[in-house]
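Subject: Structure handover

Hello,

Here is the structure you asked for. My notes on it follow below.

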Amino acid sequence: MTNLDFDRASGFSNAALAMLKRAHIPPFPVYFELFYTYATGSNVELNTQINAILTRSGTISIDEATQLCEKFLKVSNMDEKLRAMSQVMSRKITDVNQAIDVAMVSANSYSGSLQQATGDLTVGGIDEDALKMLSSRLLKETRRMQDTNRRLEAELENSKDDISVLQRDLDEVRKESMLDPLTKIPNRKCFDEQFSADLERTHAQDATMSLLLLDIDNFKTFNDTYGHLTGDQVLRLVAHVLKANLKGRDMPARFGGEEFVAILPETELDGAITVAENIRRSVQAKELLKRSTNEKLGRITLSVGVAQWRPGDTAAALIERADKCLYAAKGAGRNRVMSERDIPGLTGSSTDVA
């Protein structure tokens with residue numbers, strides 16, 4: 001690489017890092033690659049879309065950056081990041097183990113030299129020259145051992161810092177992989193894991209639990225009328241209301257599309273219905289504004305289905321009952337909460353659903 005090439009690459013790198021810093025986006029490799037590509041100007045369509053975002057908003061959000069990564073860098077999820085970081089950490093741990101192996105070999109060699117010297121001294125009759133040679137050999141071995149230990153200490157210290165940074169980044173990516181990038185609430189993967197754990201705990205403790213399944217009414221029409229950016233604003237609004245109305249161990253999640261779900265551990269059906277009504281009213285009470293023009297867009301509503309865990313319920317069975325309640329709420333005119341108590345045939349014994 002020539003000096004010119006190095007200077008150009010450094011310039012692109014500095015520009016990418018500056019954009020990440022201004023946008024408060026963590027400098028994960030995938031985001032750095034996105035803005036490095038932008039800085040080079042090698043992808044016209046990417047630059048056009050980023051420029052449009054910057055013109056409109058003055059900055060770029062992490063959600064928008066994630067979507068651009070998915071589109072232009074073919075990053076479909078965070079699993080690739082986790083695998084890459086895990087590989088780096090694995091290599092670092094291997095380096096540490098190799099340094100320790102070298103130190104162990106050196107320590108064993110030094111121990112052998114000491115044992116041999118002890119034998120020579122025990123035999124007796126060792127003359128002055130032999131004693132000097134023995135002392136010289138032991139001093140040389142001691143210094144070699146000290147050098148090896150210093151190298152090991154340096155390697156361990158560097159590795160400790162590197163692994164600490166990697167662990168921090170890995171934790172951040174793991175958290176990120178469990179969140180929906182748009183709404184910043186748990187995603188479907190996180191919901192599945194937590195729901196399974198809560199079901200096991202509920203069964204083991206003979207406790208109770210309820211589930212809310214929520215759907216934004218007429219969201220497709222709203223999205224088509226006002227555009228996807230405004231539709232994204234609606235999704236974030238619903239997520240915010242969910243978080244504000246759920247307490248303790250309750251967990252909201254984006255179930256998919258315009259559907260949301262909420263796990264309510266240790267909550268019986270009546271309590272879950274009350275929570276669902278509070279959420280529905282809170283969403284309906286908020287008037288939407290189009291940010292770019294302050295145009296009033298009216299209000300949105302939710303339909304909610306509520307079901308309570310029964311002994312023997314599988315995850316699929318409980319979700320199925322909540323979904324039937326949601327479907328009934330939609331069929332009854334939307335903007336309402338319906339529970340399994342309102343649906344004939346759902347108040348019987350639990351059945352597994354494939």
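Which residues of helix 4 do Val30, Tyr31 and Leu34 in helix 2 meet? They meet Ile62, Ala65, Thr66, Leu68 and Cys69. Contact here means heavy atoms within 4.5 Å. Helices (H or I, at least four residues) and strands (E, at least two) are DSSP runs, numbered from the N terminus.

First, the ground rules. This is a predicted model, in which local features need pLDDT of at least 70 and side-chain atom pairs count only at pLDDT 80 or more, while totals for chains, interfaces and linings use all residues. Residues are numbered from 1 along each chain as its sequence is written, and side-chain values use heavy atoms, with hydrogens and water left out.

Overall picture

The protein has 11 helices and seven strands. Of its 354 residues, 39% are buried. Buried means under 20% relative accessible area, exposed over 50%, and partly exposed in between (1.4 Å probe, protein chains only). Take the contacts between residues at least 6 apart in sequence: 66% of them join residues at least 24 apart.

Helix 2 and its partners

Helix 2 covers residues 29–40, 12 residues in total. From first C-alpha to last it reaches 16 Å, close to the 16 Å expected at 1.5 Å a residue. The expected span is 1.5 Å times one less than the number of residues.

Val30, Tyr31, Leu34, Phe35, Thr37 and Tyr38 of helix 2 are buried. Seen down the axis, the buried residues fall within an arc of 150°, so they line one face of the helix. The arc is that of the directions from the helix axis to the C-beta atoms. An α-helix has 3.6 residues a turn, so residues three or four places apart point the same way.

Helix 4 spans residues 62–72. Its axis comes within 10 Å of the helix 2 axis, and the two cross at roughly 80°. That makes helix 2 roughly perpendicular to helix 4. Axes are lines fitted to C-alpha atoms, for helices over the stretch in contact, and angles run from 0 to 180 degrees between N-to-C directions. Roughly perpendicular is 65 to 115 degrees; under 35 is roughly parallel, over 145 roughly antiparallel, and the rest oblique.

Helix 3 (residues 44–57) also crosses helix 2, at roughly 100°, with the axes coming within 9 Å. These two helices are therefore roughly perpendicular as well. Here Leu34, Phe35, Thr37 and Tyr38 in helix 2 meet Leu46, Asn47, Ile50, Asn51 and Leu54 in helix 3.

Gly41 follows helix 2 and has a positive phi, near 70°.

Two aspartates

Asp215 lies in strand 1. It is buried, at 9% relative accessible area. Its side chain makes a polar contact with the side chain of Lys330 (2.5 Å). A polar contact is a pair of N or O atoms within 3.5 Å; within protein, one must be able to donate a hydrogen and the other to accept it, and residues adjacent in sequence count only if both atoms are side-chain atoms.

Asp217 sits in the loop between strand 1 (209–216) and helix 8 (219–226). At 6% relative accessibility, Asp217 is also buried. Its side chain reaches the backbone nitrogen of Asn335 at 3.0 Å.

Most residues other than glycine have a negative phi. His24 has a positive phi of about 55°. His24 is in the loop between helix 1 (3–23) and helix 2, and is exposed at 72%.

Glu266 has a positive phi too, near 55°.

Best wishes
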